[in-house]
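Subject: Structure handover and notes

Hello,

The structure is placed below for your own work. My notes on helix packing, salt bridges and nonpolar cores follow it.

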Amino acid sequence: MFIFNVKYNLTIYFCILLMIVGCQNTTEKIVVENKISTKFSKKDNESSNNKNFTKNKIIKSEITLNVNKLKPKQNENDVVFEFKNERLLQGRDKLKVTEESKANQALSAVFKMLKQNLSLDNNNLNLKSSGKISLENRYFNSKKDDALYNNILAFLPLTGSYANYGIKIRKALDLSVLNYGNDKLKMIYFDTGKIINEKIIKKLFNNINPSLVIGPFRREILLNIKPIAKSKFIPILTFSNDISLIENNIWSLGLSPEEQVESVISCALSNGYKNFGIVAPDNLYGRILTNASIDLISDFKNNKYKNILLTNNQINDKSKLFSILKRFLQFSENQTIHTRFDSIIIGGSKEFILEIAPLLAFFNVDSKYIKILGTEKFNLKEIKNEPSLIKAWFPLILSKNDNEFKLFWQEIWGDNVNYFSNAGFDSGIIGINYVNEEKNGLKFLKSALGPITGLNFNSDGFVRKPIYVKQIENFGKLTNIENCNNLRIN
């Protein structure tokens, strides 16, 4: 019995010894699971144990880096090293520098603004708790020292459907005052997005007594402002595109339908196009565009034209619209290529253009062979990407000297420039120079030149603009029709 117990104990001791030796073995182990062999070294096991953590157990405040204890060579699986890389990938340090830089630029711009009279502070704006501007407090309770300033009154749509244009112009005017203004000049903004009438405008002119008016954007507002400004001999630099309202002392900076039609039709005529179709909406804009087109085309005996004006009812009634366009184009089922017109002008809103252009293509008007002529509306993304308008031509104002201005604008405001930002900046500079010229101001206006846009002021109120004709290519890209830059037949 004793002998058996001794042998049993020796066996137990031997097994324990084997287990101890086995635990100290540095050779690789093979773990077999589901008949797939995977090798793990002791080093891998240790690193795996180090990685056994959950996100909620790691708190940033608990992680400290002792720079002095960091070795030149870091273990690839070191947790601290991985977390440090994660922070760098998030760009936290870089973001901090960028934000500080932007903050410094913003503060610098604010301090510059405080030195000028931009009507940007809460006291000048008289904002109520609702955030709305009080006309009574903002404009009609004038300060006693207002007479000491040379006031420029800017009528802009700062709210409403045209606010994106008005805000762009206001930013441009602010920059012009910051760079070229002085302590005797004040730029005062009036929001035409609100409901205004002749009574308010008269009171506004009497209280502010402006030396110059910049704006408005819409012709309806200009019709109310024009008689009052004219009676007080106050010049107006308007962004309206209705050139029928311009005259001596009133200059239009907008691209009028007449100017748009003149540029593209002149380009078409110079390239040998003779048979024109005109499709436009039956409204004031459509009639102006149609009449201007007919006047230009009719100047040459060999040219021909046909036109249609479409009402809202005709556009909304699809079967009627199909019938009208079919007759207008003289479409035949046996026809493979349209032959009546070699050029078709489409004028109207974005919705009108996108309604008509695909229907023309349906009736075999291929824009690659029949030249489609459009207005500045063709510069919209949706229209440039419309397949039925590839190779179409449209006019575009391109500023002559805006490369440096683009960088300057982006540094201050962070967005992109367009014609209204450029024209707004130029109108501010021209307005400031007019005020500074005093006695010779009007003479200066009658030959002024926009430094960014290249706008050229004439004595009769007409402003010559650098108009280029662009062609729509695939994917909405544009190319320039070289022989049609600033081209006018008349």
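In α10, the residues P257, E258, Q260, V261, E262, I265 and L269 meet Y285, I288, L289, A292, S293, L296 and I297 of α11, where contact means heavy atoms within 4.5 Å. Sorted by class, this contact has 10 nonpolar, 2 polar and 2 charged residues; Ala, Val, Leu, Ile, Met, Phe, Trp, Tyr, Cys and Pro count as nonpolar, Asp, Glu, Lys and Arg as charged, and the others, Gly among them, as polar. Helix α10 covers residues 257-270 and helix α11 residues 284-297; their axes come within 9 Å and cross at roughly 35 degrees. The axes are lines fitted to C-alpha atoms, for helices over the stretch in contact, with angles from 0 to 180 degrees between N-to-C directions. The crossing is right-handed, that is, the near helix is turned clockwise from the far one by less than a right angle. Helices (H or I, at least four residues) and strands (E, at least two) are DSSP runs numbered from the N terminus.

The model is predicted: local features need pLDDT of at least 70 and side-chain atom pairs count only at pLDDT 80 or more, while totals for chains, interfaces and linings use all residues. Residues are numbered from 1 along each chain as its sequence is written, and side-chain values use heavy atoms, with hydrogens and water left out.

Next, the salt bridges. The structure holds 12 of them, each a side-chain nitrogen of Lys or Arg within 4 Å of a carboxyl oxygen of Asp or Glu. One joins K226 and E247 at 2.8 Å, N to O. K226 is in helix α9 (residues 219-231) and E247 in the loop between β6 (236-238) and β7 (250-252), 21 residues apart. K226 is buried at 16% relative accessible area, whereas E247 is partly exposed at 22%; buried means under 20%, exposed over 50%, and partly exposed in between (1.4 Å probe, protein chains only).

E355 and K318 form another salt bridge, with the closest N and O atoms 2.7 Å apart. E355 lies in helix α14 (residues 350-362) and K318 in helix α13 (residues 318-329), so the pair ties together parts 37 residues apart in sequence. Both ends are partly exposed, E355 at 26% and K318 at 40%.

For E473 and K391, the closest N and O atoms are also 2.7 Å apart. E473 is buried at 16%, and K391 is partly exposed at 27%. Separately, K168, K171 and D415 are linked in a network of salt bridges.

Last, the cores. A nonpolar core is a set of buried Ala, Val, Leu, Ile, Met, Phe, Trp, Tyr and Cys residues joined through side-chain atoms within 4.5 Å. The largest has 32 residues, of which I152, L156, L173, F239 and F457 touch the most other members. β3 (150-156), α7 (163-180), β4 (185-191), β5 (212-214) and α17 (419-437) each supply at least two of its residues, and the largest share, 7 residues, comes from α17. Apart from this core lies another of 30 residues, including L325, F331, I356 and F378.

Regards
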